[in-house]
Amino acid sequence: VSAENIRDKLKAANARVTLVILDACRDGPGSGKSGSKGLARIGGANGLLVAYATEEDQVAQDGQGQNSPYAQALAQALKRTDLPLLAQFDLVGDEVRRKYPSQAPTREGNLRADAYLVSPFGRVN
């Protein structure tokens, strides 16, 4: 499945906030790459945030365990229901760079809302 196809489907949904997380910035065979390594950017849009495990044309670390360092940091940050989404991704970037200074998670798009994955105010009807 192409990342561009997913992005286009999400944009067509006209949701207030959409999110694509790509932890696929690896060096290996296949399409969807820019240059000799890494993953090319797919472009964001208003209300769409695209988060990447590292910068364009760079390779993300696989880490030692079952999950990548990016996925591990993301899983921890997303537990913070008191923080908006952009702040959670700031935590992810800080944690990955602390462990792997050569890897810099990035994001693109124009997410202008203080979006929360879980409401910090309790249940919303």
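1. Let's begin with Asp82 and Arg80, which form a salt bridge whose closest N and O atoms are 2.9 Å apart. The term here means a side-chain nitrogen of Lys or Arg within 4 Å of a carboxyl oxygen of Asp or Glu. Asp82 has 45% relative accessibility, so it counts as partly exposed, and Arg80, at 36%, counts as partly exposed too. For the cut-offs: buried is under 20% relative accessible area, exposed is over 50%, and partly exposed is in between, with a 1.4 Å probe and protein chains only.

2. Before going further, keep in mind that this is a predicted model, where local features need pLDDT of at least 70 and side-chain atom pairs count only at pLDDT 80 or more, while totals for chains, interfaces and linings use all residues. Numbering starts from 1 along each chain as its sequence is written, and side-chain values use heavy atoms, with hydrogens and water left out.

3. By the salt-bridge rule, the count comes to six. One of them joins Asp8 to Arg7, with the closest N and O atoms 2.9 Å apart. Asp8 is partly exposed at 40% relative accessibility, whereas Arg7, at 13%, counts as buried. As background, side chains of opposite charge can pair when their charged atoms come close.

4. The pair I'd look at on screen is Asp90 with Arg107, again with closest N and O atoms 2.9 Å apart. Helices (H or I, at least four residues) and strands (E, at least two) are DSSP runs, numbered from the N terminus. Asp90 is partly exposed at 38% relative accessibility, and Arg107 is partly exposed at 36%. There is also a network: Glu95, Arg98 and Lys99 are joined by salt bridges that share partners.

5. On to the sheet. Three strands make an open sheet in the order S1-S2-S3, with mixed pairing. S1 and S3 are at the edges with a single partner strand each, so one side of each has no neighbour in the sheet. Neighbouring strands are turned by 15 degrees against each other on average, direction ignored. Helix H1 (residues 3–12) packs on this sheet and touches S1 and S2, and its direction makes about 170 degrees with that of S1. Such angles run from 0 to 180 degrees between N-to-C directions, using axes fitted to C-alpha atoms (for helices, over the stretch in contact).

6. How do the strands pair up around S2? S1 (residues 18–22) runs parallel to S2 over five bridges, and four bridges join S2 to S3 (residues 106–109), antiparallel this time. Pairing requires that DSSP finds at least two bridges between two strands.

7. Is strand S2 buried or exposed? Five of the five residues of S2 (residues 48–52) are buried, so the strand is largely enclosed by the rest of the structure. Both faces are covered, with Leu48, Val50 and Tyr52 buried on one side and Leu49 and Ala51 buried on the other.

8. Helix H2 (residues 69–77) has Pro69, Tyr70, Ala73, Leu74 and Ala77 buried. These residues span an arc of only 130 degrees around the axis, which puts them on the same side of H2; the arc is taken from the directions from the helix axis to the C-beta atoms. They pack against S1, S2 and helix H3 (85–99), contact being heavy atoms within 4.5 Å.

9. Finally, the cores. A nonpolar core is a set of buried Ala, Val, Leu, Ile, Met, Phe, Trp, Tyr and Cys residues joined through side-chain atoms within 4.5 Å. The largest has 14 residues, of which Tyr70, Leu85, Phe89 and Val92 touch the most other members. S2, H2 and H3 each supply at least two residues of this core. A second, separate core of seven residues includes Val20, Leu22, Leu48 and Val50. Setting aside neighbours within four places in sequence, Phe89 is in contact with Leu19, Ile21, Leu49, Ala51, Tyr70, Leu74 and Arg107.
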